Amino acid sequence: MAGNITFTMIKPDAVKNGHIGAILAKINEAGFRIVAMKLTKLSPQKAGEFYAVHKERPFYGELVEFMSSGSIVAAILEKENAVEDFRTLIGATNPKEAAPGTIRALYATSIGENAVHGSDSDENAKIEGSFHFAVTEQF
Ligand code: CMP
């Protein structure tokens with residue numbers, strides 16, 4: 001079914017600050033099914049590839065450095081309307097603008113260190129999921 005998959009990363013700030021369990025609980029409570037998941041770490045090269053779409057942005061270097069600075073949790077999630085519903089659950093990119101109760105409002109520290117990533121389209125959800133997981137790792 002098209003539109004039922006999204007991709008997320010719990011970012012190095014949230015992992016370091018001990019928020020993996022709380023964030024996964026929010027994801028479960030919101031009705032997402034975990035299709036694939038792993039604790040991993042991005043090399044600077046892999047982080048650069050993942051965020052290549054932002055290559056020309058002034059924050060690209062900072063983003064790559066941060067995303068390769070520590071462990072992350074990568075996951076593919078399934079739910080009807082997954083991309084949009086997950087973006088609602090995590091809140092705005094800038095935690096100062098994130099709605100109360102959203103994951104970024106609760107756990108993010110800044111626009112750069114914003115606790116979680118969520119895909120912005122069905123197409124990117126598939127690309128990002130495949131970037132991290134082989135078909136044999138998806139259930
Ligand atoms: P994410 O949803 O993972 O997608 C791109 C990331 O770039 C975003 O979350 C932020 O972490 C980061 N980002 C976006 N805007 C800025 C900014 N102005 N300064 C630093 N990082 C940013």
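Two residues are said to be in contact when heavy atoms of theirs lie within 4.5 Å. With that in mind, take I90, a residue of helix α5. Leaving aside its neighbours within four places in sequence, I90 is in contact with T102, I103, R104, V116, H117 and G118. I90 counts as buried because its relative accessibility is 1%, and buried means under 20%. H54, by contrast, is 36 residues from I90 in sequence and 20 Å from it in space, C-alpha to C-alpha. Please keep in mind that this is a predicted model.

## The nonpolar cores

In soluble globular proteins, nonpolar side chains tend to be buried together. Here, the largest nonpolar core has 18 residues. Those with the most contacts inside this core are I10, I23, I27, F32, F86 and I103. At least two residues of the core come from each of α1 (12-16), α2 (20-29), β3 (72-78), α5 (82-90) and α6 (103-107). Which helix gives the most to this core? It is α5, with 4 residues.

I10 shows how such a residue is surrounded. Neighbours within four places in sequence aside, I10 is in contact with V15, I20, I23, L24, I72, V73, A115 and V116. There is also a second, separate core of 17 residues, and F7, Y51, V64 and F133 are among them.

## Rings that meet

The whole structure holds 4 aromatic pairs. One of them joins F7 and F50, with 5.9 Å from centre to centre and 45° between the planes, a tilted arrangement. This pair links distant parts of the chain: F7 sits in strand β1 (residues 5-10) and F50 in helix α3 (residues 44-50), 43 residues apart. Both partners are buried, F7 with a relative accessible area of 0% and F50 with 10%.

F50 also meets the ring of Y51. Their centres are 4.9 Å apart and their planes stand at 80°, so this pair is edge-to-face. Like F50, Y51 is buried. Through ring pairs, F7, F50, Y51 and F131 are linked into a cluster.

K46 lies over the face of F131, at 4.9 Å from the ring centre. The charged end of K38 sits over the ring of F133, 4.7 Å from the centre of that ring.

## Charged partners

Side chains of opposite charge can pair when their charged atoms come close. A search of the whole structure finds 4 salt bridges, and the table shows some of them.

| E49 | K46 | 3.7 Å |

Why does the bridge between E78 and R33 tie together parts that are 45 residues apart in sequence? E78 lies in strand β3 and R33 in strand β2 (residues 33-40), so the pair connects these two strands. E78 is partly exposed, with 25% relative accessibility, and R33 is partly exposed too, with a relative accessible area of 39%.

An α-helix has 3.6 residues a turn, so residues three or four places apart point the same way. E49 is partly exposed, at a relative accessible area of 37%, and K46 is partly exposed at 38%. In the remaining row of the table, D85 is partly exposed, with a relative accessible area of 26%.

Let us finish with helix α7. Which residues of α7 (residues 122-132) are buried? They are A125, E128, G129 and H132. These residues cover an arc of only 100° around the axis, so they lie on the same side of α7. The parts that cover the buried residues of α7 include β1, β2, α3, β3, α5 and β4 (116-118). On the face of α7 turned away from the buried side are the exposed residues E123, K126, I127 and S130.

How values were computed: Residues numbered from 1 in each chain as written. Predicted model: local features only at pLDDT ≥ 70, side-chain atom pairs only at ≥ 80, totals over all residues. Heavy atoms only, no water. Core = buried A, V, L, I, M, F, W, Y, C linked by side-chain atoms within 4.5 Å. Buried < 20%, exposed > 50% of the residue type's maximum accessible area, 1.4 Å probe, protein only. Phe/Tyr/Trp six-rings, centres within 6.5 Å; stacked < 30°, edge-to-face > 60°. Lys NZ or Arg CZ within 6 Å of the ring centre and 35° of its normal. Salt bridge = Lys/Arg side-chain N within 4 Å of Asp/Glu carboxyl O. Arc of directions from axis to C-beta.
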